[in-house]
Amino acid sequence: MDLVRDPDSVLSDWHAHALRFEREIGKVVLGQERVIRLLTIATFARGHVLLEGDVGVGKTTLLRAMARAIGGAFERIEGTIDLMPGDLVYHAHLGEDGKPRIDPGPLLRQGEDLSIFFFNEINRARPQVHALLLRLMAERSVSAFNREYRFPHVQVFADRNRVEREETFELPAAARDRFLMEVQVVMPQADEARRSLVFDPRFHDVDTLLMDVESGVLDPEALGTVARAIQIGVQASPALEAYTLALWDAVRRPQALGLAIDGVDINRLVQGGASPRGMSYLIRAARVRAWMEGRDMVVPEDLRAVFPEVMAHRIFIDPVYEMRREPIVAALIAGVFERVPAP
Amino acid sequence: MGRLARILATLGLLATFVLLALPTSPALAQLRTVELYAPRGFGHVIGDTLTLSADIALDAPFVLDPASLPPPRALNYWLDLHEVRLEDHGVSEGVHRYTLDLVYQTFYAPLEPRRLTIPAVALFAIEGERRVPVQVPAWSFLMSPLREIVATGPGPAMQLRPDIAPPLLPTAGLLRGLALALGVALLALLLLAWQMGWGPFGRRRARPFARAARAIPLTLATAPGDPILAASRYAHALQALHRAFDATDGKGVFAEDLPGFFERHAAFRAAEAEVRRLFAASRRAFFGADPAGAQRELPPDELVALARRLRAVERGTA
């Protein structure tokens, strides 16, 4: 596939694939169109995603459906308090001959073709595990058995429930910064979807439900190439660059906009964050979204659509307000988009 | 007291001047009574007007001959007849009653109190060919001088007193009305200016499209010049309109927000198609790096027209 010569037709083919991918997941996950769209964007931006939400809203189902639809090798691990990095990499057991053996662990078991690594309840794992994950996400490689394993196609999905805070370890900022998006999964709002989820027997057994998803809609090997083609093919004009920089500035210094949030001292709210990496992720995601919408240029709507998920977890606010983080950051972002003039 | 005195005096005169028609006299058979009512008989000075009022009762079908009424005129060197009013009370119980008012003015200048007489007035009552004289009797009164014969006070004996100041017309109400009307007119003008966005009102917050329309030069469509400059002018015009949309909605309005915008501001639905073209054009201009395509999508003259249209929509006169 020669992307330089004919990227347009390739991209339009993949556009159809992407829409089909969304439809397949939408068959089993009801009322989460926005989340599905964001995860699709993340997939085509080759970014890692952290899902966050209440218990039982379908985070795991959603990720399993995605893994199935993307195709390729898939591994998952459950985060527990006693999980150590070695447990991801090595599998220690007694062999049939009674001797202790060390085999490749979950992370290495599928070899270097691993396309999706799904980390359940990531906040239950210890910081040591987070560190390993950090390396996996940042460099797509781990060291084991005295050599380096590379996972060129790996995409990490993690989920975290936000109800329980006991025996959990908050992710370090560096690890959170590695995630392209932090997506909040909430209950479906539409009555119809809620009713189906509760009463339709189809949704009672997740395993059979997932059989509905067509497997391997996307070719994980080609995703990286397509992602690069998208980044090249979708242009960002100077006006959009100026707008993005204005947004960045506004997030870091909201007081300059005259933004006011209820019960918040705006002058000390934002302590830092919105890293350059975050902004580059933002543009990456915005480009993919523009492509998903069938455009060859990024417009402010694209930035707005992905901004909360891409940027919210990168904004560091005063610890005083940390307990009310979600509404405050949401108000901050909404305010920034209302105030910063585009283009 | 004065009123009572006048009534008493009138009654006294009445007794004097009542003439009873005698039934035996054929000439006076048709005249019942002539009753003269007069003011007091004394204390009149030069220039006074005296109103004599005569109640005349005739036997129907006799009527008073209007031609016999005296015309208002100067009767002699000191007495003017100013006005003659005849009031017909109609016939009741076979008697035809009239009231005749005679207004005199006296100019007699006596040196001492002096009795003067207003002469009798001869009238006629007619019925077909028959004529019956009716006499309003003479009346005498005392005129008094205005000044003493020999001056006793200091200074000139008789000096003209200054004219009385002319009475002022009551204009306060008129002035109030004028002020009120002017105030209302001014208020209406201000309201109109506010509504139309004239002058300083064009800059008010609630009229962002008025500001935008002002910011977009009329010459946008016609100005010649190099294409780069024209593109930048076009971009500025687009920006001005976008700022107006943002200000109207209170937040940034992007193309994807237009359905919500039209829901919140239904008046702009009238220009929905053009607005959508505007947003498509600005997408091309700003994000597609295709200013020429943008100007094809929405030519500059249509942009100017749209700005004007939106301003009209905004002030509700579209």
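**View 1. Strand S9 of chain A and its parallel partner.** In this predicted model, strand S9 of chain A, residues 179-185, is mostly covered, with 6 of its 7 residues buried. Strand S1 of chain A (residues 48-53) runs parallel to S9(A) and is joined to it by 6 bridges. Within this pairing, A:Val183 of S9(A) stands opposite A:Leu51. In a regular strand, side chains alternate between the two faces of the sheet.

View 2. A:Gly79 is situated in the loop of chain A that lies between strand S2 (73-78) and helix H4 (85-89). The relative accessible area of A:Gly79 is 6%; because this value falls under 20%, the residue is classed as buried. Leaving aside residues up to four places away in sequence, A:Gly79 touches A:Phe119, A:Asn120, A:Glu121, A:Arg124 and A:Ala125. A separation of 9.7 Å is found between the C-alpha atoms of A:Gly79 and A:Thr168, which are 89 residues apart along the chain.

**View 3. A nonpolar surface patch on chain B.** The side chains shown belong to B:Leu186, B:Leu189, B:Leu190, B:Leu192 and B:Trp198, which form a nonpolar patch on the surface. Together, these residues have about 490 Å² of accessible area. B:Trp198 is located in the loop between helix H2 (172-196) and helix H3 (208-215) of chain B.

Notes
Residues are numbered from 1 along each chain as its sequence is written. Chains are lettered from A and ligands numbered from 1 in the order in which they are written. This is a predicted model: local features need pLDDT of at least 70, side-chain atom pairs count only at pLDDT 80 or more; totals for chains, interfaces and linings use all residues. Side-chain values use heavy atoms; hydrogens and water are left out. Patches are made of residues with over 30% relative accessible area and no salt bridge: like charges are joined within 9 Å, nonpolar side chains (Val, Leu, Ile, Met, Phe, Trp, Tyr) within 5 Å. Accessible areas come from the Shrake-Rupley method with a 1.4 Å probe; for residues, only the protein chains shown count as cover. A salt bridge is a side-chain nitrogen of Lys or Arg within 4 Å of a carboxyl oxygen of Asp or Glu. Helices (H or I, at least four residues) and strands (E, at least two) are DSSP runs, numbered from the N terminus. Buried means under 20% relative accessible area, exposed over 50%, partly exposed in between (1.4 Å probe, protein chains only). Two strands pair if DSSP finds at least two bridges between them. Contact means heavy atoms within 4.5 Å.
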